Each structure stands twice: as structure tokens, then as C-alpha cells.
Amino acid sequence: RFKGVMYMLVSGFAFALMSLAVKRAGDLPVHEKVFARNLVSLIVAFCMIKKSGVKVPLFGKLENQLYLISRSLLGLTGVICFFYAIDHIKMADANIISRINPAFVTIFACMFLKEKISKFQTPALILSFVFAMLVIKPSFDLSVLPSLAALVTAVCAGAAYTLVRFLSGRESAATIVFYFSFVSVVGMTPFLLMEFVMPDTIQLLWLLAIGIFASFGQFGLTLAYKYSKAAEVSIYSYSTIVFVTILGIVFESEIPDGWSIIGGLGIIGVAVVLYLHNRQQALRT
């Protein structure tokens, strides 16, 4: 379990660094940042598959194409919205809002995988949305768009993770990761050709960092679930919020306001209570 926790913390820190890299890449178009993130991930995923020596179908089985493309498009939409949010609001706020994705996983799993929502989960879901609203601070002008983009990220991530759960056992994890990265690179290429802004040397390094940190985060996540059960280590994924808040304060002078702090602590608190409840239930069965 110790290894699983450590890898999850490494993953959380890597994803926090990715957020900082997105911010530091400056005013480059979002599609360039998304392209860089997924191009590096595509290369890393391909090299890891080849290095493993195991024959893995890169593009999956024919009967799973609809689910693979749906998962990839949802993931791509989520990344675009997330990077847009980071560019326009505080990194901590964008990460806090997007971290309610487990609530959407629960909802989508109930709708499409026929999993039941327990009586304990229902108030937890409601509280998660209430705390997210404290961070979003709804208003009737366009200033709320970046926060809503972060919320769309959570919805897309929830739907994508639900499809990943459906595909588990049907496709390898390597196939799912490669397919997502490939679709993302192809999907961003037309936008890159229509509007390309030449990055300077520093921006180019930050673009490279986005992809590297994203890859570290993904592999850390994978190794965490390899060495420990998901129920034991998933709670530590919320460490990203802590790391990104510290990085935002130190490097971007982004000080979260009172409502964001309350909302963030509330979302983490709900996650901890659910984690403890689920662990207790698992011990009883």
C-alpha cells in the first residue's frame, strides 16, 4: 500500500506541475498546448508499448471502436476546457472544480452501467455540487465561463472514466491511453494548421513540460493502482489540489479567496468521508 500511496502523490504533484506549465506557456492558443500535451503522451505511450514486448492492438478491437472514440473525444473535450480554465482563472480554482468528477462517475455509472447510488452517496453528491458552486461563484455575465469550462471538464472526465470502466477487461490500458492520445493529436491538427503561433524558446520548453508532466502524472496513477487497490489510494489523488495551490501562490501569486478555500476543503472533506465509509463497508463484506 505504501508504494501505491507514494505513486499517487507523485502523480498528484506531476499533474499540479502540468497546470503550472500550462499557465507559464503564456498566451499561446489552447489548441497548441493541448496538442503538445497529447503529442508527448502519444510518443511516450507508443514507446512504452514497444518496450514491453507484449503484442497490444494499438487501435483496439473492432467491436469497441464506438466506446474508444467516445472515451477519446470526451477526454479531449475535457482537456481543452481544463486548459482554457487554467488560462483564465486561478489554477487552484480550476483544479478544485474539475475534481468533482467522481460525482459524475457515480451518476453516469448509475445511468449507463446500472450501478446503484447508495443512500450515503446521495447527500455526498449534493454537497459536492454545493461546494463546487462556492468556487464557481455563479454570475450572470461572461466572467463565469472559465469556471463553467472547469465544470465541463469534470463532466467529461466522469463520462470518460465511466467508459474506461466499461472497457476494462475488453481492452488493455495501453490501448486506451494510446487511442486517446492519437485521437487528440489528430483532432487538434486542423486547429493548429488554421492558427499557429510560433512559441519562443521559453514557451517551447513549457509546452514540452506540459506533455512530460502529464505523462508522469498518468504513469504515476497507473502504478498507484497497480500496487494498491483503488479504494485504498484514490483519496490521495486530491493531493493535486494542495500541490497546485502551493505552486499557484509561490509562482503565480494566486491567493485563493475565502469561498474557494471553503469550497475546496468541503470537496476534499466529502471525498474523505466517502473514502472512509466505502473502506468500512469493504471491511464488513
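**A predicted chain, surface first**

Mentor: The accessible surface of the chain is about 14700 Å², and 72% of that belongs to carbon and sulfur atoms (Shrake-Rupley method, 1.4 Å probe; for residues, only the protein chains shown count as cover). This is a predicted model, where local features need pLDDT of at least 70 and side-chain atom pairs count only at pLDDT 80 or more, while totals for chains, interfaces and linings use all residues. Residues are numbered from 1 along each chain as its sequence is written, and side-chain values use heavy atoms, with hydrogens and water left out.

Trainee: How many helices and strands in the chain?

Mentor: There are 12 helices and 0 strands. Both are DSSP runs numbered from the N terminus: helices are H or I with at least four residues, strands are E with at least two.

Trainee: And how much of the chain is buried?

Mentor: Buried residues are 47% of the 285. Buried means under 20% relative accessible area, exposed over 50%, and partly exposed in between (1.4 Å probe, protein chains only).

Trainee: What about G258, where does that lie?

Mentor: G258 lies in helix α12, which covers residues 258-284. G258 counts as partly exposed because its relative accessibility is 46%.
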